[in-house]
Amino acid sequence: MRNLLRLVVLIVFSVVAALAQTSTATKPAQAAPKTTAPQTKTPPANWRAIHESALIIDTHADTPGRFVDENFDLAQDAGTGYLDFSKIKAGNLGAEFFSIWVEPKSFKGREIQRALDMIDSVYEQARRHPDKMMMAFSTQDILAAHRQHKLAALMGVEGGHAIQGDMRVLRDYYRLGVRYMTLTWSNTNELGDSSGDLDDKTVQHHDGITDFGRQVVREMNRLGMMVDISHVSDRTFFQALVASRAPVIASHSSSRALTNVPRNMTDDMLIALARNGGVAQVNFYCGFISQKYVDKRKELAAQHDPDYEKVQSLFLQPQTPEVRKQLDAAKAALLPKLPRPPLSDLINHIDYMVKVAGIDHVGLGSDFDGIDCSPQGLDSAADLPKITQALYERGYKPADIQKILGGNLMRVFGEVEKLAKEIQSETNRDTRPEIAPDAQPQPQ
């Protein structure tokens, strides 16, 4: 009996061992599909792919001054300038708001004529180069140009003094294609106070925005023209936000917390702009992104440094070819005394403003061809990919980078267009008593 029991136990152990060996042998066969036929995965994003796929919008370039004063054509090499078709293509710039800036002293009394000359100059570029550039007047036009791989050319009037106190001129500018207006430039005007002359005792100030300025803001809302608050005084800024029913833009302003100059925006201003739904477009100018540069510039000004004073004098003159040649030489002489800040200073401003206002409220407003200094490595529109690369390396997600490059501006522009249609159809009238007292029901 014992022998029989031992035989049964041996048989059972033999069967179990055989099953175990079979199971072990089949495991590689089950795992094989994972090694011989891996699943296809989407390749990881990289900064260049993000940049090349983005709709990139810059909200401020002063190139029309070159069009008019130098007879410059975008098909030419821009030289030390920031924009030409080659540079635009290299940087994948999709839409540019060309600034219609009228120097208030040189063209006093002739502001409208100067503005019309500059508006015409933008149209002429589009007429001469229909294969590379097209006029755009709406968000849909920007998208159409992007699909056709053309530069969408838009316009913004820089400084309300260009309407010479006439609301009808504002409407004419809109009909000609102007899609934003900066309420003031560095000079206080009929619309409100500027940040550029608050310390000038010879200038009559208004303690912020004027009644006419409020009317202009409301008419811009009705037309579908974006209200731009770059250059205005702090008080004008907050009052303009109250007056505007649409989101506003700062077409070319940076952070005052990082670079303490009146042209930049305080944290409170950035927060208020975000609550308004607007967008702050970061300026590339060395003097707005580097405190070290600002301090050194003040030192040179106090010393009446001849190279510094020569650059300032030439920069404010009409940029004829001869003046530009002299300016380039003067800037080269000044550079060892006043070096350009690193590109990281600009990225710091973008990064900081995103942290304060939110990712949906920051964009790019270069001030190309309106500045005499930009950060190292950012010599023209061709270098725009470096901004995308820097943001990517700081950990920004592709979707967030695309918002900064142009998506946020498109959102604001679209909301301005939508509100204008509602106002024009009287389906969304402004009934706030502090803004439109005549809209209130009258007692019977």
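Me: What makes the crossing of α7 and α8 right-handed or left-handed?

Reply: This is a predicted model, in which local features need pLDDT of at least 70, side-chain atom pairs count only at pLDDT 80 or more, and totals for chains, interfaces and linings use all residues. Residues are numbered from 1 along each chain as its sequence is written, and side-chain values use heavy atoms, with hydrogens and water left out. A crossing is right-handed if the near helix is turned clockwise from the far one by less than a right angle, and left-handed if anticlockwise; α7 passes α8 in the right-handed sense.

Me: Why are α7 and α8 called roughly parallel?

Reply: The axes of α7 (residues 167-175) and α8 (residues 211-223) cross at roughly 30° and come within 11 Å. Angles under 35 degrees count as roughly parallel, and α7 and α8 are therefore described in that way.

Me: Which residues make the contact between α7 and α8?

Reply: Contact means heavy atoms within 4.5 Å. M167, L170, R171 and Y174 of α7 meet F212, Q215, V216, E219, M220, R222 and L223 of α8.

Me: Why is strand β4 said to be largely enclosed by the rest of the structure?

Reply: A residue is buried if its relative accessible area is under 20% (1.4 Å probe, protein chains only). Eight of the eight residues of β4 (residues 151-158) are buried, so the strand is largely enclosed.

Me: How do you know that β2 and β4 pair?

Reply: Two strands pair if DSSP finds at least two bridges between them. β2 and β4 have seven bridges, in the parallel sense, and F98 stands opposite M155 in β4.

Note on methods: Axes are lines fitted to C-alpha atoms, for helices over the stretch in contact, and angles run from 0 to 180 degrees between N-to-C directions. Helices (H or I, at least four residues) and strands (E, at least two) are DSSP runs, numbered from the N terminus. Angles under 35 degrees count as roughly parallel, over 145 as roughly antiparallel, 65 to 115 as roughly perpendicular and the rest as oblique. Buried means under 20% relative accessible area, exposed over 50%, partly exposed in between (1.4 Å probe, protein chains only).
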